[in-house]
Amino acid sequence: MIKENYFNTICIVLLLSVPFLGLILDEPYYITLATKVVILAIAGAGLNLVLGYGGFVSFGHAAFFGIGGYVSGILASHALNYYPIIEWPFVIEGTTQMLIILPLAMLVSGGFALIIGMLCLRTSGVYFIMITLAFAQMVYYFAISWPAYGGEDGLSVYLRNNFPGLNTMNGISFFSICFVLLIIVLFINARIVNSNFGLALQSAKQNPERVAAVGIEPIKVQLIAFVISGAITGLAGALYTDLNRFVSPSVLSWHTSGEIMVFVILGGTARLFGPLVGAALFIILEQFLGGVTENWQFWLGFILIIVVLFAKGGIIGMIAKERHNG
Amino acid sequence: MVSPILSIQKVSKKFGAVIASEDVSIDLYQGEIHGLIGPNGAGKSTLIKQISGELKQDSGKIVLGEVEISNHPVFARAKMGLARSFQVSSIIPNFTVLENVILAIQGNLGLTFKFWKPVSKNQELIEAAHGYLDQVDLKMRMSVVASELSHGERRKLEISMALALEPKVFLLDEPMAGLGAAGSKVMTKQLAKLKSRAPILLIEHDMDAIFALADRISVLVYGRVIASGTVDEIRNNADVRQAYLGSDDL
């Protein structure tokens, strides 16, 4: 057993070593894989706020991931094709500036989270799972049937968006942007979790009646957490579009929601680094088992069952036992 | 004429054909403990839930201070000064005793929507919590995770959280339940101290305790208040004796 902080540091060092290994061995694919892990970890970190610390299972986070992805794709495709998004009553041009696209992606997905959250948070348990799933599927079918942005075929963006002072088409540069954003997101999560708000959020998970009895409205706390969560997952979606230079309705499908959940549960719910560990393990399994057998997802499922049955705190819970709340 | 702090006016509640409360009126004045007794199923807990806002009355009014709170949700009533303890202790199990009390303080002071400063570094909050824990002799247990507390300690923690709300009224639902003789004595002393802070509406099965503590008592049977008065009046009331099966232990 080691302290969770040491374990987290090791994770960071390992994660950083992969792209540089890729650089030394001249295997740019490693850099892409590491970037993918980082982006998916951001998506998971968003979900962890509600699933881990808030205790409500959202099966609809693909909506926020996909909305973030489409915000990025739509803005960039307009800019690259030189036609404005709307011309009337005033002209809004597309853009390829990440510094505009990323906050906007967070704003839009956070806004959707506000609407979906207001409608869903009155329910709980299975109903909450189902209604968040239903909303995500609605967005999915909307994207499929919207021909302006590729419909079912998706939307290609032939260049990555720009970041001042960096060539984002360079793998290491893009990885660095994503990595720094992941660290910022995890830092923000840590602050939130340990704040008065975090205390109320985690208390509402354990005993909402008690929280209401001390004068705090549990649903308001949960709604704010849901919005922050949606915005963070939306940020990941926007980066994912950049990574692939492509966005399609498949990022909005319920598979994506399920995968983001798997990252969190595999790594350890309500563990700060849980989503990172989960996403890394997921990608490793996909790569290595995927190379051996087509049915790698069977083994993923197998491992997931083992983790859920025998390691309540996920991988981090097995390796680093430290008191955590919730 | 002094006006009551909490006024329950003709509150009625039915579940289908079952009458849980019928025209219940109780006034609670500053500085008193008002005992609420009655046989099992008399509707005591249902009444407490209507006062705290967990259940909505079918008719009647509940007034706290000058404000009618009949339609306010639970958290709003708590924020306005109704502090309640639960029949089965209700705490945040995976948080420490200290964190439980801090939660109550932040509820009272409206600090919940602070997202940045770690609670563990907020000396002001921590010291305030120490104060509330000291008042119930639980300070030495403050770092213990609440789920590991003994039954009696949980009761104390609930009282401490109620104190931290700096309430106008305490609603205490059987605070002595399961405490044993020694524990009940300690709690009786606690409650006697508590009433100087705010009046208490006290539901209790322990007759000795309630006759020792209460200034006035209301007796609830089948959802109706059959008698209300001082301890002596209640002790000598024929209807009350009848309700308690003519028992002599009153």
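The model is a predicted one. Its largest nonpolar core has 174 residues, and helix α2 (residues 28-54) of chain A contributes the largest share of this core, 16 residues. The contact between the chains takes 30 residues from chain B and 22 residues from chain A.

**Nonpolar core**

- The residues with the most contacts inside the largest nonpolar core come from both chains, namely A:Val38, A:Ile42, A:Leu235 and A:Ala236 together with B:Val101, B:Val169 and B:Leu202.
- When its neighbours within four places in sequence are left aside, A:Val38 is in contact with A:Phe175, A:Cys178, A:Phe179 and A:Leu182.

- Divided by class, the side of chain B that touches chain A has 18 nonpolar, seven polar and five charged residues.

**Helices α2(A) and α11(A)**

- Helix α2(A) packs against helix α11 (residues 274-292) of chain A at an angle of about 135 degrees, the axes being 7 Å apart, and because of that angle α2(A) is oblique to α11(A).
- The crossing in which α2(A) passes α11(A) is right-handed.
- On the α2(A) side the contact includes A:Leu33, A:Val37, A:Leu40, A:Ala41 and A:Gly44, while the residues of α11(A) include A:Pro275, A:Leu276, A:Ala279 and A:Ile283.
- The residues of this contact of α2(A) with α11(A) comprise ten nonpolar, six polar and one charged.

**Helices α4(A) and α9(A)**

- Helix α4 (residues 98-120) and helix α9 (residues 218-244), both of chain A, pack at an angle of about 140 degrees with their axes 7 Å apart, and therefore α4(A) is oblique to α9(A).
- Helix α4(A) passes α9(A) in a right-handed crossing.
- Among the residues that make the contact are A:Ile101, A:Leu102, A:Ala105, A:Phe112 and A:Gly117 of α4(A), and A:Phe226, A:Val227, A:Gly230, A:Gly234 and A:Leu235 of α9(A); A:Leu235 is also one of the residues with the most contacts inside the largest nonpolar core.
- The contact of α4(A) with α9(A) has 15 nonpolar and eight polar residues, and no charged residues.

Notes. Residues are numbered from 1 along each chain as its sequence is written. Chains are lettered from A and ligands numbered from 1 in the order in which they are written. This is a predicted model: local features need pLDDT of at least 70, side-chain atom pairs count only at pLDDT 80 or more; totals for chains, interfaces and linings use all residues. A nonpolar core is a set of buried Ala, Val, Leu, Ile, Met, Phe, Trp, Tyr and Cys residues joined through C-beta atoms within 7 Å. A residue is buried if 20 or more other C-beta atoms lie within 10 Å of its own, exposed if 12 or fewer, and partly exposed in between; C-beta atoms are placed from the backbone. Helices (H or I, at least four residues) and strands (E, at least two) are DSSP runs, numbered from the N terminus. Two residues are in contact if their C-beta atoms, placed from the backbone, lie within 7 Å. Ala, Val, Leu, Ile, Met, Phe, Trp, Tyr, Cys and Pro count as nonpolar, Asp, Glu, Lys and Arg as charged, and the others, Gly among them, as polar. Axes are lines fitted to C-alpha atoms, for helices over the stretch in contact, and angles run from 0 to 180 degrees between N-to-C directions. Angles under 35 degrees count as roughly parallel, over 145 as roughly antiparallel, 65 to 115 as roughly perpendicular and the rest as oblique. A crossing is left-handed if the near helix is turned anticlockwise from the far one by less than a right angle, and right-handed if clockwise.
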